[in-house]
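Student: Could we look at this structure together? I would like to ask about a few local features.

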Amino acid sequence: MAAATNEGSCSLLGNGVVGILAESINIWERRAPLTPSHCARLLLGGKGKTGVERIIVQPSTKRIHHDAQYEDVGCEISDDLSECGLIIGIKQPKLEMILPDRAYAFFSHTHKAQKENMPLLDKILAERVSLYDYELIVGDNGKRLIAFGKFAGRAGLIDFLHGLGQRYLTLGYSTPFLSLGASHMYSSLAAAKAAVITVGEEIATLGLPSGISPIVFVFTGNGNVSQGAQEIFKLLPHTFVEAHRLPELFRRAGDLAQHSQPMRRVSQVYGCVVTCQDMVAPKNSTKSFDKTDYYAHPEHYYPVFHERIAPYASVIVNCMYWEKRFPRLLTTKQLQELTKKGSPLVGVSDITCDIGGSIEFVNQTTFIERPFFRYDPFTDSYHDDMEGDGVICLAVDILPTEFSREASQHFGDILSQFVGRLASARSIMELPSYLRKACIAHAGALTSLYEYIPRMRKTSADPSSNHANDSSGKTKYTTLVSLSGHLFDQFLINDALDVIEAAGGSFRLVKCDVGQSSSAMSYSELEVAADDTAILDKIVDSLTSIANSSKGGVFNKEKELSLKIGKISERKVEVRSGIKNMPAVLILGAGRVCRPAAEFLASGGSISCSDSFKTYQDINVGIEGIQVIVASLYQKDAEETIEGIQNATAIQLDAMDYGRLSEYVSQVEVVISLLPPSFHAVIAKACIEHKKHMVTASYVDDSMSRLDEKAKSAGVTILCEMGLDPGIDHMMAMKMIDHAHVGKGKIKSFTSYCGGLPSPASANNPLAYKFSWNPAGAIRSGRNSATYKSMGEIVYVDGNELYDSATRFRIPELPAFALECLPNRNSLLYGDLYGITNEASTIFRATLRYEGFSEVMASLAKIGFFDDEPHPMLKGGQRTTFSTFLNELLNTKCSSLVNANNPAGSTGDEKEMVRRLILSGHCKETTTAVKTVKTIKFLGLHENEEIPVACWSALDVVCFCMEHRLAYSNKEQDMVLLHHEVEVEFPDGRPTENHQATLLEFGKVQNDKTASAMALTVGIPAAIGALLLLQNNVQSRGVIRPLEPEVYVPALDILEASGIKLMEKIETL
């Protein structure tokens, strides 16, 4: 098999036709590489924009998404994929399904010369197929872009908890675990988590039997698999215990049992995360554990897991990759000895499915339909049932498919970003480097990066061969060389074999342990031979030079973990330290919105579960750590904002000090500006200068629009309007509109309603409204004119009449909310933004308030409270009281509407005030006048207190009162309500549909700290925007809004995963 020598000249089909395989290897494989929604977006853009012209889906009755769902979005359903230039799947297809002269993409497991998969590679080469392996698609940081580790961890722990309940029952204990099903029994990951939460609530309230407590879950490693398992574990009432404190935990439990009633129950479980330093100890007692040394010389260490950890473990959740050169985690003999001493170990969830590996007695794979076997250490025997002595073991090798829907969505979110390039490229050289590197074979030959495969196959085909003596009887000199590192995913094996053969040497593969993930190392032992010792020394010297190449000179990130002889590279075993070792985001502004954004980012896009935030969950977007720098004009504000947030730093920064601003911008990857809009242009200029991306939640104004071309030229994305309104409203709208267009529908009507309101319990004043920001801004926005389109006619509302234009509004799914809506500025602009101006006869955007708000505000406006001109009574040094000022505004000549002699806080003559308001024309209805008087009195506008000196206008006076009387207390919640309705017509005669999407979010109160709904729904979208930019998931450059699928699809998914959920429905009219 020769390497492909002219990769660029051999063209792929590149016809833009994509085929999706029906998975055929495993009956449980229900995942799909692209979901219908991904297909819809690809087809909607067309070949010119997405690179995809058609999608043909092989029919499957077991795929998580039904054929009809693909057909509805424009896919073709056919067994025949002969028209497809690119054919994609999850697992490798059957050999007879490989068509010649096509491009294929799937997990092939061939690039490490895995013997069992070489027939597949031979078929690929024979059929002149271009093979792209997902496992080899890696980002600039060397990490795989597509991985299912967290889904394996999630499913693996849920499945084990399901079996744990059954096992405890056979041991004579009824536990809440018994009610939990296996992962695949739930319709979604969210449903499975809800079931685990229910189990947790029962544990918290009813407890666990003392006879099996404390129940300790030991998690090995802290990678994606472990994080996924821990994510599920954290849904239970729990406490994490450090490894060295496990004996103390058991001592306390024993003491408590002696002094408590035997019926005492325990209301939590315990977790312990262990890494290699907890599993081994140096043989030299004078030395401490050194991770780098351990990976290089495991023979210098002896195992201690069976002595220090296993005696206290109820459950071992094995999530750590293991190689044969390292000590085992737990041997069969060690378990037998532990059992004789009375081990509490009930079972093992070996999510790594490392058969005969780190846990020796896990010697067989299990299946989703039969996930457990029982090992009896007393008799050294294996059983299929749960009854009897021993430990239960789970070792399912296809766990992620149990959450097929979410796993497919996650997979397709990433694959859809580059599948168009694979589908449309006629030459490998048209592809970006990360895709070229993932191409194992092209046009019947291996590509240059993978030319080592036949050499590996050749030397491993006859392990008994010995090249110490050749056929002529000439003596050869040999040495055993150990190679450790990213030999295959970083192609370092090529360098090593080239050195050996170029020097005239030969090699035989003695041992090869391949890393099973992008973060795992591979290990090979080669018997290297040469005709004389000088050549052999030269080979060893050259290999040593390669091994040391990353220690000096110019730093090459791609080869950061380079080849080593006798020891592993430092890259994957270093502990990150400092800002420089993790991506950084600078947040400008330390107001209320900042903390949710900072928390979200500092956790790497993950917000931990707690009582108040328990719906938040880990967001699988693949960044392990983000350094957040919060900058404020006042250092103290920034420090208070980041209090308790890990990976966060507070700094003092005046954004108008361009020198210091530029200095900090240069040190980060993304900047989020939460400052007023007037600051954005200056900040954007610094970002463009240093080629850094930027996110804001503000509207795109002229100053930002003018920077569009400069940002594009610099390769910078300035993502604006990434908050709530604007922000989430854009993304919800475009999702609905694009969905309608994919279904060949036409938008007849688009209406949008949004409001930041007090929660019903907090709407405890006559206005049913409160302010979390300056009331002046809200009042001025209520004086803006509005324009919208209704039934084909343009409607204009003057700002002075806006409150009078409010209409009653109800959402049937939320019948408890009595609302009203006011037209919101120029709705026609959104017709252009959303591309529906020429098709929609109604385009209407509105602000939501509780019913009755507008009539009172209109009355206050007519009285004159919203005038912002300096008032004669408030000029200079003269001061007056609120009651006197109110009388002046009401312009009473005959008699005072308010008795100025009444003591402060007195009610005055309410009936007279009502009468005067009606006679003056300020209020038309008595009920309105009564509400207005109640509001005036609630705000204290009738009191005899002196008006503060800072008030110069009537607007200043009413804002002062509102800011004090309509503020949220520490215990009160706000609420955000966003509701879209899209009416869709179909030209083919199908019934008209009404598509609805609703977001309802309440503020969170925890430990006397409030995270308002407004702060959450503005701060988290802005943080998500930064996260997407960090991940390079947004390819558009320039000044953009979140209107394209590359932004709104992952952003809405992450929002929902974060607990900010949308309610969606479609009705036929």
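Tutor: The questions below concern a helix pair and some backbone features. This is a predicted model, in which local features need pLDDT of at least 70, side-chain atom pairs count only at pLDDT 80 or more, and totals for chains, interfaces and linings use all residues. Residues are numbered from 1 along each chain as its sequence is written, and side-chain values use heavy atoms, without hydrogens and water.

Student: At what angle do H33 and H34 pack?

Tutor: Helix H33 (residues 1013-1030) packs against helix H34 (residues 1045-1057) at about 125 degrees, with the axes 10 Å apart. Helices here are DSSP runs (H or I, at least four residues) and strands are E runs of at least two, numbered from the N terminus. Axes are lines fitted to C-alpha atoms, for helices over the stretch in contact, and angles run from 0 to 180 degrees between N-to-C directions.

Student: Which residues in H33 meet H34?

Tutor: Ile1020, Pro1021, Ile1024 and Leu1028 do, and their partners in H34 are Val1047, Pro1050, Ala1051, Ile1054 and Leu1055. Contact means heavy atoms within 4.5 Å.

Student: Changing topic, where is proline 726?

Tutor: Proline 726 lies in the loop between strand E30 (717-719) and helix H25 (728-742). Aspartate 725 is joined to proline 726 by a cis peptide bond, with omega about 15 degrees.

Student: And what is the phi of lysine 744?

Tutor: Phi is positive, about 65 degrees, although lysine 744 is not a glycine. Lysine 744 sits in the loop between H25 and strand E31 (746-758).

Student: Is lysine 744 buried or exposed?

Tutor: Lysine 744 is exposed, at 62% relative accessible area. Buried means under 20%, exposed over 50% and partly exposed in between, with a 1.4 Å probe and protein chains only.
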